[in-house]
Amino acid sequence: MQEHLIELQDIYKIYQMGEVEVRANDGISFSIDAGEMVAIVGKSGSGKSTIMNIIGALDVPTAGKYYLNGIDVGSMSDDELAEIRNKQIGFIFQQYNLLPKMNLLKNVELPLLYAGVGEAERHQRAAESLARVGLGDVLKKMPNQLSGGQQQRVSIARALVGNPSLILADEPTGALDSKTSREVLDFLKKLNAEGNTIVIITHDNSIALEAKRIIRIHDGRVVFDGAADAYRKEVIA
Ligand SMILES: Nc1ncnc2c1ncn2[C@@H]1O[C@H](COP(=O)(O)OP(=O)(O)OP(=O)(O)O)[C@@H](O)[C@H]1O
Ligand SMILES: [Mg+2]
C-alpha cells in the first residue's frame, strides 16, 4: 500500500464551552503525499488553525487518527512530538516569529541547535539556507533591519534548514503587501518544484489558487478537495 506523508482519518477537535459544544474540526479526513503543494482554505472560524496545529503536532485531536510518514502521531509521547516538530516540520507563520535579539544566522540556526547539531555544521547549514532565500550576504543583520518580505524569507530559511519532510505555512503572506506576497508565493512554488512538500493555510481564495490542490474547510468539515482548476469552476464561479 502506498504510504502517504500525511494521513488524517476522521479528525475531531471538540471544545466544551459551558453548555455549548464547539466542533472546531468535525470529522476531517484527507491525505497528502510527499511533493504536493496544497492550500487549506476557509473562512475565519472554519477550523484551519485547529487542523494546522494537529498536522504540526502542536495539538492533539479529540478523536481520529493522524499518521505522519506512516507513524501514529496520537501514540507519541510529548518528547516524541517535540522531535517531530523539530525534525519533520518547518513552520512559517504570518508574523515571522524571529527572535529580535539574534542575528539572521542565529535565528536560522535555532532548529538545528534544538536538534543537537554541532556549532560548525549549524553555521554552515544556516548560511546555506539563508543563501537559498537570497540573504546570503546579510547573515549578521538583525531582524529589525529587514523589510517584512525579507523577514519572511528568513523564516522560510529557518523552516528549510533542518530539511523537513513538510513545510507548513499559516497565512504566510498575511502581513505582506501584494508585491512582496507575490515574491514569497513564487518562492514557495519554487521550493515545491524542487521537491518540497508544502501546505499553506489561508482564508484567501486568490492565494489558495496558487497551490495545485485545494482543500476547503467549512464549519470544521472538508467541503472541497481537488485541483485548483476545479476549485475555480466549482467553488468560486
Ligand atoms: N481553545 C479553544 N477553545 C474554544 N473554542 C476554540 C478554541 N480554539 C478554536 N476554537 C473555536 O473553533 C473554531 C475554529 O477555530 P480556528 O482557530 O481553527 O479557525 P480558523 O479557521 O483558523 O479561523 P481564522 O481564519 O480566524 O484564523 C472557532 O469557532 C473557534 O472559536
Ligand atoms: Mg486561524
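**Notes on the sheets and their helices**

1. Helix α8 (residues 228-236) lies across β9 (213-218) and β10, at about 125 degrees to β10. Helices (H or I, at least four residues) and strands (E, at least two) are DSSP runs, numbered from the N terminus. Angles run from 0 to 180 degrees between N-to-C directions, with axes fitted as lines to C-alpha atoms, for helices over the stretch in contact. Contact here requires C-beta atoms, placed from the backbone, within 7 Å.

2. A caveat: this is a predicted model, where local features need pLDDT of at least 70 and side-chain atom pairs count only at pLDDT 80 or more, while totals for chains, interfaces and linings use all residues. Residues are numbered from 1 along each chain as its sequence is written, with chains lettered from A and ligands numbered from 1 in the order in which they are written.

3. Now the open sheet: six strands, ordered β6-β7-β8-β3-β9-β10, with mixed pairing (a pair needs at least two bridges by DSSP). β6 (89-93) and β10 (221-227) each have a single partner strand, so one side of each lacks a neighbour in the sheet. Strand-to-strand twist averages 15 degrees.

4. Within that sheet, β3 (residues 37-41) and β8 (residues 197-202) run parallel, joined by five bridges. Ala 39 sits opposite Ile 200 of β8. Helix α6 (residues 178-193) packs on the sheet and touches β3, β7 (166-170) and β8, its direction making about 150 degrees with that of β8.

5. Over to β1 (residues 6-17): ten bridges pair it antiparallel with β2 (residues 20-32). The two make a hairpin with two residues between them, and Gly 18 in the turn has a positive phi of about 65 degrees.

6. β1 also pairs antiparallel with β4 (residues 63-68), over five bridges. Look at Glu 7: its bridge partner in β2 is Ser 31, and in β4 Tyr 67.

Key: Contact = placed C-beta atoms within 7 Å.
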